[in-house]
Amino acid sequence: MDKGMTKDLLAFIGRCPSNFHTAAAVRRELEGYEILQEGEVWNLRPGGRYCLTRNGASLVAFRVPAGEWQGFLLAAGHSDSPTFQIKTGGEVQGPENYLRLNTERYGGMLYDSWLDRPLSAAGRLLVRTDRGVESRLVEIDRDLLLIPRVAIHMNRRANEGMAYDPKQDLLPLLGLAGGPSLLSLAAECAGVREEDVAASELSLYVREPGTIWGAAGEFVSAPRLDDLQCVYAALRGFLSASEGRGLPVLCVFDSEEVGSATRQGADGTLLRDVLGRICAALGRELPVEIHHSFLVSADNAHAVHPNHPELADPQNRPRLNGGVVIKHSASRRYTTDAVSEAVFAELCRRAGVPVQHFANRSDMAGGSTLGNIVGSHVSLNTVDVGLGQLAMHSAYETAGALDTAYMAEALRTFYSAGLTVRGDGEIEIH
Ligand code: CO
């Protein structure tokens, strides 16, 4: 495994300053894929390649095999990351001649990682047209905002653990009185008139590009590694796979960091709708195909921390560059069970990709992800996996530079395979 894919990952992350940009960036990589509309009838044919988006922030892509197939082979990651969403009418005048932005937390971030670093805003504008409104992606592609800390001289206890107040300590500075408004800057970037902007959905993003570093270039640090590292690896695995005996599906879901309960999130009807429509268009029965399907839910995992190894489970503690992580939870916040673990571990063995395991320390609740949420709508054999990383939900996260390629290779092998489930629990892996 080499680091070339991680270099490409950093360029990809640079093209994904918001959840909407992530869906658009993935779609641009799907060269030759026909774009389907949910509001039209789908005519699918063997050998066809298709993709669709919902609400601009979630995406599903799939290929209909030219030959025989049975069941769906799915991998899913998420397009969103913790950030601060800018409130409507979000400019705060003062104190003095300062102009700040009013924001609201999106997801659970480490607050202090957002301070004292250049930021900007990205998202979408809804623009009035002759016929109604339409959506435009917008990124203000320059250093525009910053959240300044208070000097140590004015807060001598700053190093003893700060309790940040989001309404006071975390508002970004935009400029001084008399400067242009955020909306006028966003409209200019989108090439529209400010008075034509009917609504906006903008959030902050970290400007600093990613970097590969360490004594031997072992590490990669970048904004939004959770979950763009898995999204990118899944995309590469999906695109490089050869035709197998299942129908390959790539899913990128929005809203994971806020519980997935949106129209386009994993707790909506998107995946069930798409799989149902594929079956209807191709004359298949959904429950039969689901029985032979397998979902790899790919979202980054916690690696053992160099300064705090005691926070990890004594045995199930992933190392950076140690390969793909299978996540386990007795409460099934991760979906992995012995069946899905065995199938995925066998695929990794065939791919030559090392596997490691994560479980929360026994007195910690830990996090969850989209696998079990998808499962409540479309009950599939599912494994929860990820790549080990440090400082999850920091504005600048750290992972292993070799691991991106491990995940891509595992998923390439998965998408090129095929499963036949005989009865209940016996699975042939093609
Ligand atoms: Co995540």
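The model is predicted, with local features requiring pLDDT of at least 70 and side-chain atom pairs pLDDT 80 or more, while totals for chains, interfaces and linings use all residues. Residues are numbered from 1 along each chain as its sequence is written, and side-chain values rest on heavy atoms, without hydrogens and water.

**Cobalt site**
- His78 (NE2), Asp226 (OD), Asp299 (OD) and Asp299 (OD) are the protein donors of the cobalt ion, at 1.9 to 2.6 Å; donors are N, O and S atoms within 2.8 Å of the metal (3.2 Å for Na, K and Ca).
- The spacing of the donor residues in sequence is H-x147-D-x72-D.
- Histidine 78 belongs to strand E4 (residues 72–78) and aspartate 226 to helix H4 (residues 225–240), so the pair ties together parts 148 residues apart in sequence; helices (H or I, at least four residues) and strands (E, at least two) are DSSP runs.
- Histidine 78 and aspartate 226 are both buried, meaning under 20% relative accessible area (1.4 Å probe, protein chains only).

**Helices H1 and H9**
- The axes of H1 (residues 4–14) and H9 (residues 403–415) come within 7 Å and cross at roughly 95°, as lines fitted to C-alpha atoms over the stretch in contact, with angles from 0 to 180 degrees between N-to-C directions.
- H1 is therefore roughly perpendicular to H9 (65 to 115 degrees).
- Met5, Thr6 and Leu9 of H1 meet Thr404, Ala405 and Ala408 of H9, contact being heavy atoms within 4.5 Å.

**Helix H2**
- Eight of the 11 residues of H2 (residues 19–29) are buried, so this helix is largely enclosed by the rest of the structure.
- Among the buried residues of H2 are Phe20, His21 and Val26.

Terms used. Buried means under 20% relative accessible area, exposed over 50%, partly exposed in between (1.4 Å probe, protein chains only). Angles under 35 degrees count as roughly parallel, over 145 as roughly antiparallel, 65 to 115 as roughly perpendicular and the rest as oblique.
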